[in-house]
Amino acid sequence: MRAVVCSEYGPPEALRVEDVERKEPRKGQVRIAVEAAGVNFPDTLVIAGKYQIKPPMPFVPGGEVAGRIEAVGEGVTQFSPGDPVMALLLQQGGYAEEVVVDASAVMKRPEAMSAHVAAGFTMTYGTSMHALKQRAQLQAGETLLVLGAGGGVGLTAVELGKVMGAKVIAAASSAEKLEAARKAGADELINYSTQDLRERLKEITGKTGVDVVYDPVGGELFEQALRSTAWNGRALVVGFAAGDIPTIPTNLPLLKGCAVMGVFWGAFRMREPDKDQKNFSELFKWLEDGKINPVVSKSYSLEEAPQALRDLMERRVIGKVVLETGRE
C-alpha cells in the first residue's frame, strides 16, 4: 500500500510517498481502508521531532482518518467489514491507504457523513467540545472570545459557542478568515493584524471583559486576551500555532479572579472515554440537525502532503484540510 513516510526529522518537504507493507489486524484491532486523513497542526510538530510523542523511524504521520472497515481481528464484534468509520490515532499512521488500529480508537460515523468531512471532524470538534463543555463549562449568555477563529479548531469553537448560546467574538488575522467565522455564527469580528485586540474588546464588551478565551494560537495574543477577561473568566490554552509558547505574569489570574486552563483532548479521551462518547453523540445530533456545518476548505493527494502541511504551518488554511487517497 502507499503511504507518506517520514524517514528523518525535518520540514514537510522531506516526506516521501512509498510502498509499505500491509499489516494484518491482531486481537482487538481493525484494518481501515482509508478514504481521507485529517491534516492537523500536531502533525507538523511530530515530523520535526518537536512533539511529546516521537515515533521510531521510519514512520507514517497522521492522527485521524476516515474510511471503511476492511478486516477485523480476533474478539472484535462491534465492527464488520464495510462499516463507515472514523478513527483517532496516536499521531502516526494516518497518511496512508490503510491503517491498523485498536478497535477502541474507532467510531462508527453517520452514513450521511462523508469521509471527506469525517476525516477532519474528530480532532477539531472533539477538542472544542471538551474545551467549552468540560473545561470552561460555557453557559448560555456568556461571552466567548475565539483567537485564530478561521483555523480548524478555532472555527469549530465559534460554531459550538453559538450552539451553546454564547455571544461569540471571533478574532483572526485576515478578512477572509473572519468572513468564514462570520458564516459560522460569530457575533463580532476583530482583525488583530489591523486592530488593537484589547481596545476592540473594551468597545465590544463595555469594558466588562470576556467570560471565556479560547486560544489555539499562543504568542503575544494570549496575555492580551487574558488581560481582557471578566471576573471569574476562564482562559483556555488549546495550542501554539504561532510557534511561541507564551509566559504570563502570574499576578494576572490573581487580580482578575480568572483561571488559566489547559485543554488536552487526547488525554481526556483516554481517561474519560464515556464522557467523550457522550460529547460525540451530541455533536452527531447537532450535525444531523444542521446546527453545525464542518468546513473542509481543500483536499490534497498523498503526494501533496508536504504542501498541505506547509500551508497549515504558514496559516494559509481556513477550516480543515484533508488528504484523500482515492479509495472509496
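Buried means under 20% relative accessible area, exposed means over 50%, and partly exposed is in between, using a 1.4 Å probe and protein chains only. Asn232 is partly exposed by that scale, with a relative accessible area of 48%.

These legends describe a predicted model, in which local features need pLDDT of at least 70, side-chain atom pairs count only at pLDDT 80 or more, and totals for chains, interfaces and linings use all residues. Residues are numbered from 1 along each chain as its sequence is written, and side-chain values use heavy atoms, with hydrogens and water left out.

**View 1. Asn232 and Arg315 each have a positive phi without being glycines.** Asn232 is found in strand E12 (residues 229-237), and its phi is about 65°. Helices (H or I, at least four residues) and strands (E, at least two) are DSSP runs, numbered from the N terminus. Arg315 lies in the loop between H11 and strand E15 (320-324), with a phi of about 55°. Arg315 is partly exposed, at 31% relative accessibility.

**View 2. Helix H1 (residues 41-48) crosses helix H11 (residues 305-313).** Their axes come within 9 Å and cross at roughly 110°; axes here are lines fitted to C-alpha atoms, for helices over the stretch in contact, and angles run from 0 to 180 degrees between N-to-C directions. H1 and H11 are therefore roughly perpendicular to each other, given that angles under 35 degrees count as roughly parallel, over 145 as roughly antiparallel, 65 to 115 as roughly perpendicular and the rest as oblique. On the H1 side, look for Phe41, Asp43, Thr44 and Ile47, which meet Leu309, Leu312 and Met313 in H11; contact means heavy atoms within 4.5 Å. The residues of this contact of H1 with H11 comprise 5 nonpolar, 1 polar and 1 charged. Ala, Val, Leu, Ile, Met, Phe, Trp, Tyr, Cys and Pro count as nonpolar, Asp, Glu, Lys and Arg as charged, and the others, Gly among them, as polar.

**View 3. Helix H1 has buried residues, and a glycine follows the helix.** Pro42, Asp43, Thr44, Val46 and Ile47 are buried in H1, and their cover includes E3 and H11. Just after H1, Gly49 takes a positive phi of about 75°. Further along, in the loop between H1 and E4, you will find Pro58. The peptide bond from Met57 to Pro58 is cis, with omega near -15°.

**View 4. Helix H3 (residues 122-135) packs against H10.** The angle is about 110°, with the axes 10 Å apart, and that makes H3 roughly perpendicular to H10. Among the H3 residues that meet H10 are Tyr125, Met129 and His130, and the H10 residues they face as a group include Phe280, Leu283 and Trp286. Sorted by class, the contact of H3 with H10 has 5 nonpolar, 5 polar and 3 charged residues. Asp276 is also in helix H10 (residues 273-288), and is buried, with a relative accessible area of 3%. Leaving aside neighbours within four places in sequence, Asp276 is in contact with Trp265, Phe268 and Arg269.

**View 5. Strand E4 (residues 64-72) pairs with E3 and with E5.** Two strands pair if DSSP finds at least two bridges between them. Strand E3 (residues 29-39) runs antiparallel to E4, joined by 7 bridges, and Ala37 stands opposite Val65 in E4. Strand E5 (residues 84-88) is also antiparallel to E4, with 5 bridges, and Gly67 has Val85 in E5 as its bridge partner.
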